[in-house]
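This report covers one protein chain, from overall form down to single residues. Keep the sequence and the structure in view while reading.

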Amino acid sequence: MSERKVALVTGASGGIGGACALELARQGFDIGVHYHRNAENAQAIVAEIQALGAQAWPLLFDAADPEQTEKTIRQFVKERQRLDALVATAGVVVNQMMALTSIEELDTLWAVNLRGAFWAAKVASKAMLRRRWGRVVFVGSIVGQHGNAGQSAYAASKGGLIGLAKSMARELAPRHVTVNVVAPGLVETNVLKDLTEQQTHAILQQVPLGRMGQPEDVAAAVAFLCSEAAGYITGAVLNVDGGLGT
């Protein structure tokens, strides 16, 4: 049985997920690196983690598919004989006014952002409950609290993570498993590629710190909530937004 703690990061081939995986490795975790389509990025993250002296394993599954999710996580726990932390960053973005949102877009957001996170946490937390210690961190969004025109469906999917985390926190607390949400604001990742320069500038004017966040800013908050030091924090939402939601 591994002496090091083991974490699973969903969406680890993305900017925020990859940064979380690397920071957790620096903090003493071995990492399950989940990806769905971007195998090249996932393998690069695995290599970076290994270069840090930690172990890493690529995990392929579709976060929108509960059967794939459950089968893969169960097998991962069986092989590693433990799972101490789940960081759920896997997500999709649909920027669309509510009146123009299709049922297909709504279903995709629900399946990945909310149902996918729910199912991963349901399966992963069973291993934590057995060990009477664990950390679950959902990566949400500031729009899940404050909304944003043109992102009604996306905001609903991310807002749902808050209710999920607060309910799970109450259910799992007796076994010392904490559940929290980190809510990024404007973070410099590929998710922003659809924004025009004017849109980005307009948003930055609303950010008190006057800059976009970096994936590493989010990863630092996630790593703290996965640490021993955060043992008395559960059901919380930690905004990493430069003051945007203030």
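**The whole chain**

The model is predicted. The protein chain contains 8 helices and 7 strands. Its C-alpha atoms occupy a box of roughly 50 × 35 × 35 Å along the principal axes. A compact globule of 246 residues would have a radius of gyration near 18 Å, and the 17 Å of this chain agrees with that.

Burial comes next. Of the 246 residues, 48% count as buried. The accessible surface comes to about 12000 Å². Carbon and sulfur atoms account for 52% of that surface.

Take the contacts between residues at least 6 apart in sequence: 73% of them join residues at least 24 apart.

**Helix 1**

Helix 1 covers residues 15-26. Its 12 residues should span 16 Å at 1.5 Å a residue, and the end C-alpha atoms are 17 Å apart, which agrees. This helix is mostly covered, with 10 of its 12 residues buried. The buried set runs through Ile16, Gly17, Gly18, Ala19, Cys20, Ala21, Leu22, Glu23, Leu24 and Ala25.

Beyond its neighbours within four places in sequence, glutamate 23 is in contact with Ala219 and Ala223. Just after helix 1, glycine 28 takes a positive phi of about 105 degrees.

**Helix 6**

Helix 6 comprises residues 152-172. Its 21 residues should span 30 Å at 1.5 Å a residue, and its end C-alpha atoms are 30 Å apart, in agreement.

Buried residues of helix 6 include Ala153, Tyr154, Ala155, Leu161, Ile162, Leu164, Met168 and Leu172. Lys158 is also among the buried residues. Which elements do the buried residues of helix 6 pack against? They pack against helix 4 (103-131), strand 5 (134-139), helix 5 (143-146), strand 6 and strand 7 (237-240).

**Loop residues**

Histidine 176 is placed in the loop between helix 6 and strand 6. Arginine 132 sits in the loop between helix 4 and strand 5.

| Residue | Relative accessibility | Class |
|---|---|---|
| Alanine 173 | 37% | partly exposed |
| Arginine 132 | 42% | partly exposed |
| Histidine 176 | 47% | partly exposed |

Most residues other than glycine have a negative phi. Arginine 132 has a positive phi, near 60 degrees. Histidine 176 has a positive phi too, near 65 degrees.

How far apart in space are alanine 173 and methionine 97, C-alpha to C-alpha? The distance is 38 Å, and the two residues are 76 residues apart in sequence.

Note on methods: Residues are numbered from 1 along each chain as its sequence is written. This is a predicted model: local features need pLDDT of at least 70, side-chain atom pairs count only at pLDDT 80 or more; totals for chains, interfaces and linings use all residues. Side-chain values use heavy atoms; hydrogens and water are left out. Helices (H or I, at least four residues) and strands (E, at least two) are DSSP runs, numbered from the N terminus. The expected span of a helix is 1.5 Å times one less than its number of residues. Buried means under 20% relative accessible area, exposed over 50%, partly exposed in between (1.4 Å probe, protein chains only). The radius of gyration is taken over C-alpha atoms; the globule rule is 2.2 Å times the number of residues to the power 0.38. Contact means heavy atoms within 4.5 Å. Accessible areas come from the Shrake-Rupley method with a 1.4 Å probe; for residues, only the protein chains shown count as cover.
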